Amino acid sequence: MIEGLFVGLLIGSICVFSFLFVQYHQYQVVGRALPTESDGHPKIYRMKLWNTNEVRAKSKFWYFLRKLKKVKKSNGQILAINEIFEKNPTKINNYGIWLRYQSRTGYHNMYKEFRDTTLNGAVEQMYSEMASRHRVRSPCIQIIKTATIPAKLCKRESTKQFHNSKIKFPLVFKKVRPPTRKLKTTYKASRPNLFV
Amino acid sequence: MGFKRYVEIGRVALINYGKDYGKLVVIVDVVDQNRALVDAPDMVRSQLNFKRLTLTDIKIDINRAPRKKTLIEAMEKADVKGKWENSSWGRKLIVQKKRASLNDFDRFKVMLAKIKRGGLVRQELAKLKKESA
């Protein structure tokens, strides 16, 4: 029971910490098995991955490659790792993400849609949503495919409701925050005005 | 009762938290329920959470996600800057900024001006009292 509590606290603290700067980056990792006498020119494989930093991306590359080919990090080499940046981060896109995740009872496939300006932002939204809605942590998620979906082909109502060029809605609950964290106080003299 | 300020394309908003605090921006597109794509003549187009925005009464006429040039032209046409600086909200912010940037000599001058104004008001009051008495 004490162990369970400790694990709970650990997960809690990780969540708080990661909210501040978990930023998923997209990497292109290229690697191959080391050349041997029997095979002087092993096939080169390239993968596009998402992770928080390069070290983790390389590790994940070997994780996937081990599942597909008979090669490990100890008898392979990474030839290149490059970060892939968003071409146009000022344009909003609908991203469709196909993923495979491990739940408590088995593996499942899923398709999720997100609206965001960058693919990395959508991937981060996906990880957050999987964690909150299905309690699936990031190591248990494998991204099968991502794509930019044109508005006509979106499947989910929650993304389709924003496909309106004359979109208009009021902000119903507007709590005014202090402009800096420094000006935050525990007690206030009067109740806040929540109207816009 | 009823909402007057809506999140819509072309709504002018004030940033009330973060690095660009105090800036007037235009909502150029809506990402989802919580975020908007926001643009101003002197900043790169970026996405902001609605929690960081306070909507104003000013709205300009633009299409969804316009070019920067088109946006600047539309802002000039609607005279966003003028409307803002003449509105009571805008004027209050300008006064706040001025007060925060006063140096000691300026504060001294303000004190003298306040005393003079108070004196004139009291003179007028005394005159009116004498007439009514």
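Visitor: In this predicted model, how many residues of chain B are in contact with chain A?

Guide: Contact here means heavy atoms within 4.5 Å. On the chain A side, 22 residues take part. Their partners in chain B number 26.

Visitor: And what is the area buried between chain A and chain B?

Guide: The size of an interface is often given as the accessible area lost when the parts come together. For this pair, carbon and sulfur atoms give 63% of the buried area. The total comes to about 2300 Å².

Visitor: Which three residues supply more of the area that chain A buries against chain B than any other three?

Guide: Together the trio accounts for 22% of what chain A buries against chain B. The names to look for are A:Thr90, A:Phe169 and A:Arg177.

Visitor: Which side chains meet in a salt bridge between chain B and chain A?

Guide: The rule wants a side-chain nitrogen of Lys or Arg within 4 Å of a carboxyl oxygen of Asp or Glu, and across this interface it finds one such bridge. The N to O distance is 3.2 Å. The two side chains are those of B:Arg35 and A:Asp116.

Visitor: How far apart are the C-alpha atoms of B:Ile94 and B:Phe3?

Guide: B:Ile94 sits in helix H3, residues 88–100 of chain B, and is partly exposed at 43% relative accessible area. Along the chain, B:Ile94 and B:Phe3 are 91 residues apart.

Visitor: Which residues of chain B does UniProt list for "domain: Large ribosomal subunit protein eL14"?

Guide: The listing comes from an unreviewed entry. In the model, the span is 62% helix and 16% strand, with its end C-alpha atoms 47 Å apart. The UniProt record gives residues 45–117.

Visitor: Back to chain A: in what order do its elements run from the N terminus on?

Guide: Chain A has four helices and seven strands. Among its contacts between residues at least 6 apart in sequence, 58% join residues at least 24 apart. Of its 196 residues, 29% count as buried. The elements run α-β-β-α-β-β-β-α-β-α-β.

Technical notes
Residues numbered from 1 in each chain as written. Chains lettered and ligands numbered in written order. Predicted model: local features only at pLDDT ≥ 70, side-chain atom pairs only at ≥ 80, totals over all residues. Heavy atoms only, no water. UniProt positions renumbered as here; feature names shortened; annotations may be inferred. Helix = DSSP H or I, 4+ residues; strand = E, 2+ residues; numbered from the N terminus. Buried area = accessible area lost by both parts, 1.4 Å probe. Buried < 20%, exposed > 50% of the residue type's maximum accessible area, 1.4 Å probe, protein only.
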